[in-house]
Amino acid sequence: MSEKKLHIALLFGGNSSEHDVSKRSAHTVFDALDKDKYEVSVFMFTKQGFLLGNKDSMRIFDGEPEDAVVAEAIKDVDFSNPLANIQSLSEVKDIDLFIPVIHGNMGEDGTVQSLFRLLNKPYIGSGIASSAVSFDKDLTKQLLTYHGIRNTKYVVVTPENQSEYTYEKCAAELGETLFVKPARQGSSVGIYKVSNKEEFDKAIQDGFHYDFKVLVEETIANPREVECSVLGNRDIKASKLGAIRIPAEDAFYDYNNKFVDASGVVFEIPVELPENLTKEIQQMSLDAFRVLGNRGLARMDFLVDENDVPYFGEVNTLPGFTNISLYPQLWAVSGINYKDLLDRLIQLAFDEFEDNAKLHYDFVELGSEKLGKGLLTDEDKK
């Protein structure tokens, strides 16, 4: 008698700038999951945050135009139902585990993790608080700085303090060339490299389209971009390192380099660095993973300056998962192929769920209320 397959719900899409990237990742994950082990249902969050059912999501998987499928799916939905946006989950039964392949907003910010927690189901990746903090570049940097993990100097500009943080003030504190980026956004969307007041003001205003917190960071001269993948829950491992070299005429590794035209980008996987630098970056990656409370997986991004000093850039708790994405590629050169990596992540999700199930929540009945001295009684309130 064959063992019952695990039923996996693969969630993708989402209300973020990384919607189409998520679709690519989900395709690759779906194809790689061992169908002898797993029954896989797919659910796509639309750009408006509505969760399509398995059948409609598969139609988009199979190449039907997304907008047409979405319009047909929502035309008779009763949106007065408070659960309308997620009611399609009931289309399939007995889900054992969720795999969120949603990059950025709704996926990496703790939103879907909260849903999984309410459903009391295991899921791949970090928990609610860890996801939310890791997605917020300001909170991430605060924690890293507190724990002595090197990162670039920065200030946070908000609509309330914007008048205080002029280009002149930021340049005096951080240098004439600056990076401006929304605190909670991914895939380099809304990021600018600026070197004068006009560019600075424009970048700040555009940043406010994506978040009410905008980071202004110092720049690193002629940096190398280095990546490290981390795997595990509490017993964690760092992969070999990879590096990204962009065309000399480009200011930084932007959205176009990543997803539109990567023809001029060179990926060094693995990258050969001095042994002490490699070990330092791997250790910083493990330290950051623990400090941020990450679980399962994360890709850690670094900038390395001309003197081989690494600076922590950011953490991606649900990194890209296509065949050419850095997270799985770094594990491939470290000895774990794509299918085995997925199997490990699924087991880590079950392990974390079981660990959390051991936590106790005591419920104490209060009984009749007895007032302390100085508190008003009902008679006093008359």
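**Exercise 1.** In this predicted model, how are helix 1 and helix 2 oriented to each other: roughly parallel, roughly antiparallel, oblique or roughly perpendicular?

*Solution.* Helix 1 and helix 2 are roughly perpendicular to each other. The steps are as follows.

- Two packed helices are described by the angle between their axes and the distance between the axes.
- Helix 1 covers residues 19-32, and its axis crosses that of helix 2 at roughly 100°. The two axes come within 11 Å.
- Angles of 65 to 115 degrees count as roughly perpendicular, and therefore the two helices fall into that class.

**Exercise 2.** Which residues of helix 1 and helix 2 meet, and how are they divided by class?

*Solution.* From helix 1, the residues are K23, A26, H27 and F30. From helix 2, they are M58, I60 and F61. By class, five residues of this contact are nonpolar, one is polar and one is charged.

**Exercise 3.** Describe the sheet: what is the order of its strands, and which strands lie at the edges?

*Solution.* The sheet is open, with three strands in the order 2-1-3 and parallel pairing. Strand 2 (38-45) and strand 3 (97-101) are the edge strands, each pairing on one side only. Neighbouring strands are turned by 25° against each other on average, direction ignored. Strand 1 (residues 6-13) is joined to strand 2 by eight bridges. Within this pair, A9 stands opposite S41 of strand 2.

Terms used. Residues are numbered from 1 along each chain as its sequence is written. This is a predicted model: local features need pLDDT of at least 70, side-chain atom pairs count only at pLDDT 80 or more; totals for chains, interfaces and linings use all residues. Side-chain values use heavy atoms; hydrogens and water are left out. Two strands pair if DSSP finds at least two bridges between them. Helices (H or I, at least four residues) and strands (E, at least two) are DSSP runs, numbered from the N terminus. Axes are lines fitted to C-alpha atoms, for helices over the stretch in contact, and angles run from 0 to 180 degrees between N-to-C directions. Angles under 35 degrees count as roughly parallel, over 145 as roughly antiparallel, 65 to 115 as roughly perpendicular and the rest as oblique. Contact means heavy atoms within 4.5 Å. Ala, Val, Leu, Ile, Met, Phe, Trp, Tyr, Cys and Pro count as nonpolar, Asp, Glu, Lys and Arg as charged, and the others, Gly among them, as polar.
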